[in-house]
2 protein chains.
Amino acid sequence: MGEIICNKFITLKHDIEGAPKEEDFEVITTNISISSIVKQGSNIVLVKCLDVSIDPYQVNRMKSYSPSQNSIIPASKLVHGEEIDGNGIGKVVVSGHPEFRKDDLVTGRLSWAQYVVVEDVKLLRKLYAMGFPLSYHLGILGVSGLTAYAGLFKLGKPKKGERIFVSTASGSVGNLVGQYAKLFGCYVIGCAGTTDKVALLKEKLGFDDAFNYKEESDLKVALQRYFPEGIDIYFDNVGGEMLEAAVANMNTYGRVIICGVISEYTDPKRRAAPDMINVIYKRITIQGFLVSDYKDEDNFTEFVSTTSKYLNAGQIQVLEDISIGVESIPSAFVGLFCGRNVGKTIVKIADD
Amino acid sequence: MGEIICNKFITLKHDIEGAPKEEDFEVITTNISISSIVKQGSNIVLVKCLDVSIDPYQVNRMKSYSPSQNSIIPASKLVHGEEIDGNGIGKVVVSGHPEFRKDDLVTGRLSWAQYVVVEDVKLLRKLYAMGFPLSYHLGILGVSGLTAYAGLFKLGKPKKGERIFVSTASGSVGNLVGQYAKLFGCYVIGCAGTTDKVALLKEKLGFDDAFNYKEESDLKVALQRYFPEGIDIYFDNVGGEMLEAAVANMNTYGRVIICGVISEYTDPKRRAAPDMINVIYKRITIQGFLVSDYKDEDNFTEFVSTTSKYLNAGQIQVLEDISIGVESIPSAFVGLFCGRNVGKTIVKIADD
């Protein structure tokens, strides 16, 4: 087994300023020697990447500085020339760890690459596909789904009939927040950035209403029109002016769940500026969260069982935006910041 | 009893723009005829004001518009030429309501006036002084104390040893937040706007440290210096740049309690702009609150029994800033916005 595997991976050429461009990335080809991995007791696992998740938060790791880089490990700064770790699904090629065997399906921290050498197997877990397509386990049954589920139900604590506003509602998390909230019995309006996305929200995903924020000259006035009775829960994926406008339209005891602030990831000048007088008088709670706090078995089991039931009953739609091949990763990533994606952005690196 | 009582009250001359000035107010003298009040079944109570509470939030009622004016009744817009209702302590002069008798001490919504005709007695309750000076029941044993107590313990949920930052720490609420937190076993730092106030916090009130924010050119850097291990709870009375700086220095799972945003009351351009990327990655909760949500008997009893125990044991200091006479109200109010007050601002209208 002195085999050599040729691996292509994506890396950063330099720190990113503003929105990412394809030219900020390059593809590097290296050789991985299997002999050191395969040894019993090496505890190293070589994984072939099948599907990798492409997520906006990664841009914060690519900047010279972001407050997020002081946070937990998957938020640490990325280094030029090195691999870009990210959530993915793969198949074990060779394993020096007793818990994993050749051909096991795994999910966890993989890489924007064809192959990844995993030295810390705590970042992997075996994947049981439960009859669903593998890609579902990155989106609707994976981190995106859990983010939507936990953010809405554990933080937002909706009551039936409450009025919910979701931004980037056709995105990987937003579309599921809206669908969960509808299935739970809430009134849901989403916003998105194209006419097609708005139509999708209303016609395919069953949102009560939706609008194109780019067609609104005054977001506060728009939200007042869409929510004459006020907003009970705002699930925020964008920050900035939309956050400000939503807070101005919240009801008493309203809850704002800050899941992402994509408008601020690439424009440090634009800053969410909710009116704190509203926050006081309406007793609003603004809460930031990371899905990593909800990955324990209890929460994960509840989420997967609810969601797979909805899937099997055909009650929830799956939106995936899949590109093919490791070379397409930069384009897929850049697309997140100009609104090209619909639903969960995934790059399929290999079929099996 | 055809008696006429001569009454002086304070009113607004016009809507206030920016910080209030003494010239924005005037004293009006009117006559109150007792005959219609004294009739059994009138349900009206005439109260002589003894002490009135002077509070910054009132300025929001004096502006052409503030989001707070859409909120609950004591926040409604004030009308020129009419009385300015506010929290106070008084003594019943005559009563047409069976629950109140002449000479009863009462507290509740009185007025910036010598006398007030109370038509809705639900806004009054009888006051039992419990051996403490009457003014305490506006400050440390009244709304200011309950605000500090409920904000810190019910929203902030401190743990012993946690690190707490309080802004306007020598103000009516801030000084008590700091003292409660110290007595509970937290590490507490406050900021204020003069050297004397800083000395008071450290030397008289037992804060672990304190600083003059006006001497700091970069509030983020200052807080980093005072909290090298980060802030667990920020009790915010000012908003704006201090809120932004505090959020940048919060620890994971930090809690920000928005009690007031005095910097924004008088300067609509200055807007709290916490970095939402920090809010997400540190899972920070920012929560606005009004003390009116904590006036139920359970909360009030817990607060009063804890606080009176501290008072009787000499463990808590009482900071009051008392002016004399109804004519001094505008000056006392204006003083709140230029940092003149230390502790609870009260105007004593009459001794008894």
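These notebook entries record what I looked up on the contact between chain B and chain A and on the domains of chain A.

**Basis.** I worked on a predicted model, in which local features need pLDDT of at least 70 and side-chain atom pairs count only at pLDDT 80 or more, while totals for chains, interfaces and linings use all residues. Residues are numbered from 1 along each chain as its sequence is written, chains are lettered from A and ligands numbered from 1 in the order in which they are written, and side-chain values use heavy atoms, with hydrogens and water left out.

**Entry 1: extent of the chain interface.** I took contact as heavy atoms within 4.5 Å. On that rule, chain B and chain A each give 39 residues. I then looked up the buried area, the accessible area (1.4 Å probe) that two parts lose on being put together, summed over both. For chain B and chain A the value is about 3200 Å², with 62% on carbon and sulfur atoms. Met276(B), Ile280(B) and Tyr281(B) supply 23% of the area that chain B buries against chain A, more than any other three residues.

Entry 2: I looked for salt bridges (a side-chain nitrogen of Lys or Arg within 4 Å of a carboxyl oxygen of Asp or Glu). There are 2 between chain B and chain A. Arg283(B) forms one with Asp293(A), and the closest N and O atoms are 2.9 Å apart. I also looked up polar contacts, meaning a pair of N or O atoms within 3.5 Å; within protein, one must be able to donate a hydrogen and the other to accept it, and residues adjacent in sequence count only if both atoms are side-chain atoms. The rule finds 7 such residue pairs across this interface, both residues at pLDDT 80 or more.

**Entry 3: elements of chain B.** I took helices (H or I, at least four residues) and strands (E, at least two) as DSSP runs, numbered from the N terminus. Elements giving two or more residues to the side of chain B that touches chain A include α6 (240-248) and β12 (250-258). The most come from α8(B), with 6 residues.

**Entry 4: strand pairing.** Two strands pair if DSSP finds at least two bridges between them. I found β13 (residues 285-288) of chain A joined to β13(B) by 3 bridges, the strands running antiparallel. Thr285(A) stands opposite Gln287(B).

**Entry 5: domains of chain A.** The bounds come from an automatic or database domain assignment: domain 1 is 4-138 + 321-348, and domain 2 is 143-292. Their centres, taken over C-alpha atoms, are 29 Å apart. I noted 20 residues of domain 1 in contact with 14 residues of domain 2.
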